[in-house]
Amino acid sequence: MIDTRSLLDSFRRFYDREARLFRAPGRVNLIGEHTDYNEGFVLPMAIDRATFVAGAARDDRRVRVHSVNFDESAEFNLDVEGRGRRGLWLDYVEGVARELEKRGARLRGADLMISSDVPLGAGLSSSAALEVSTGFALLSLSDVAINPKELALAAQAAEHNYVGAQVGIMDQFTAVMGKRGHALLIDCRSLETTQIPIGASEVVVAICDTRVKHELASSEYNTRRRECERGVEILREWLPQVRALRDVSVEDFERYENHLPEPVRRRCRHIVTEDARTLLAAEALRDGRTEEMGRLMFLSHKSLRDDYEVSCAELDTMVEIASGVKGVMGARMTGGGFGGCTVNLVLRASLDEFQKEIESGYKRATKLDPFIYIAEASDGAKEVS
Ligand code: GLA
C-alpha cells in the first residue's frame, strides 16, 4: 500500500510546496483476452493497487517529475517539441501529456511526484495506471475538463506513439472508468460499458503472480495483432460485411476456417470463441452462476495457451495447480501473457487452502516464490482528499 501522507511529505521536501493528490488503478481482466483490439468484448475490473501522483501546477509550461519507484527525476517542456521515445518511464508521462495537448487540452506546467504499488511487468497494467494517473493529474491541475473516454484514448495513443506497443483500449479505459465493487463489461467498438456487481458474494478474485516478467510481450503482441488483421482480410472474401473479428460468429468461423492458413486460423479461433465466452461470462457473473463463470475462465486459458499461444510454462503450471484445489471455480492467465499473473475465482471458505496449495505447489514446480493477492474492485481515476 502507498503511504499517501508520506508521499505528500516527500513532495513538500522535494519541491518546497504543497500538492494535491490523484490516483489511477491497475486492472485485472476476468475474461476477454486479446479481444479489445479486435473490437470485441472484455470483462476487467480496476483493482485496489494504484499509481498515486502528488502534483502542483506551475506558472510556466515545464513539467518536472520525480518517480519514487525509480528514484529518478526528469523534466520536459510542453512548449518545446518532444524528443520522442526514450525507452524510460518518462515516455508514459510525457506521452500522455503530449497526446492530451494534441486533442486540444491546453495544459499548465506542473511539479509531480509519482509512486505506485502496481507491480511492473506483471500483466496488471502498471503502464495504464501511470498514464491515466498523470494525465488525470495534469488535466485537474490545469482546470481542463474533458470527456473521460478522451483521457483513456489519449493514454492509449501515448502507448502507441511513445512506448511502441500497439495496445487495445481495455487497460486505459478501465483505469479511467473502474467502479468500486464492479467488473466492467466493455464493448471495445462502441466503448459502451455495463457495470456488473462483484465481490459481495461468496467468491473472491485472487491474483497469483508467477514472478516471470512479460518481456517478450510487445513484439509478440504486435505480431498477434497483424495475424488477426490478416484473418479479417481473408474472411472478408466470404463475409464482406466483416470489419473486425468481432463481427465473425462462431458458426461463420467454422464454415470458413479452412480458408485460413496456420497460425492465423488458430489465432482467429481464439478471438471468435473468446468473444462468445466473454458475453456468456458476463451473464453468469451477473446471475451469480460462478461455476459457469469459472468453467469459461478455464476454457479461456486453454484457448490462450493452445490457439493464441501467449501463455508460458509458469502460467500453465499456476492454472494447473489451481484447477486441482477444491473451491477454485475458475483460473486463467490474465493480461497480455508470456508471464505475469493468473486470475482465480475462489470460494471465500477455500482461500486458505488455495494459498497453501499455490505457494507450495508452484515453488516445488518452478523454484519461484509466487505472490498471491486478493483483489477488490476499485474506482477509476480520481482525486484523493
Ligand atoms: C495488454 C493490452 C490490452 C489487451 C491485453 C490482452 O494488456 O494493453 O489492450 O490487449 O494485453 O487482452
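Trainee: Which strands does helix α2 lie across?
Mentor: Helix α2 (residues 90-102) lies across β4, β5 and β6, and runs at about 25° to β5. Helices (H or I, at least four residues) and strands (E, at least two) are DSSP runs numbered from the N terminus. Angles run from 0 to 180 degrees between N-to-C directions, and axes are lines fitted to C-alpha atoms, for helices over the stretch in contact. Keep in mind that this is a predicted model: local features need pLDDT of at least 70, side-chain atom pairs count only at pLDDT 80 or more, and totals for chains, interfaces and linings use all residues. Residues are numbered from 1 along each chain as its sequence is written, and side-chain values use heavy atoms, with hydrogens and water left out.

Trainee: What about helix α5, which strands does that touch?
Mentor: Helix α5 (residues 170-177) packs on the sheet and touches β1 (20-29) and β3 (44-57). Its direction makes about 130° with that of β1. Contact here means heavy atoms within 4.5 Å.

Trainee: OK, and in what order do the strands sit in the sheet?
Mentor: The order is β5-β4-β6-β3-β1-β13, 6 strands in an open sheet with mixed pairing. Two strands pair if DSSP finds at least two bridges between them. β5 (72-77) and β13 (382-384) are at the edges with a single partner strand each, so one side of each has no neighbour in the sheet. From one strand to the next, the twist averages 30°.

Trainee: How many bridges join β4 to β6?
Mentor: There are 5 between β4 (residues 62-67) and β6 (residues 110-116), and these two strands run parallel. Within that pair, His66 stands opposite Met113 in β6.

Trainee: Back to α2. At what angle does α2 pack with α3?
Mentor: About 50°, with the axes 9 Å apart; helix α3 covers residues 126-141. That angle makes α2 oblique to α3. The cut-offs: under 35 degrees is roughly parallel, over 145 roughly antiparallel, 65 to 115 roughly perpendicular, and the rest oblique.

Trainee: Who makes the contact, then?
Mentor: From α2, Tyr92, Val93, Val96, Ala97 and Leu100; the α3 residues include Leu130, Thr134, Leu138 and Leu139. By class, the contact has 8 nonpolar, 3 polar and 1 charged residues. Ala, Val, Leu, Ile, Met, Phe, Trp, Tyr, Cys and Pro count as nonpolar, Asp, Glu, Lys and Arg as charged, and the others, Gly among them, as polar.

Trainee: Switching topic: at what angle do α10 and α11 cross?
Mentor: Roughly 140°, and the axes of α10 (residues 313-323) and α11 (residues 351-366) come within 9 Å. That makes α10 oblique to α11. Among the contact residues are Met318 and Ile321 of α10 and Phe354 and Tyr362 of α11. The residues of this contact divide into 7 nonpolar, 3 polar and 2 charged.

Trainee: Last one: which peptide bond is cis?
Mentor: The bond from Glu262 to Pro263, with omega near 0°. Pro263 is in the loop between α7 (250-256) and α8 (264-286). Also look at Glu39, where phi is near 60°, a positive value in a residue other than glycine. Glu39 lies in the loop between β1 and β2 (41-42).
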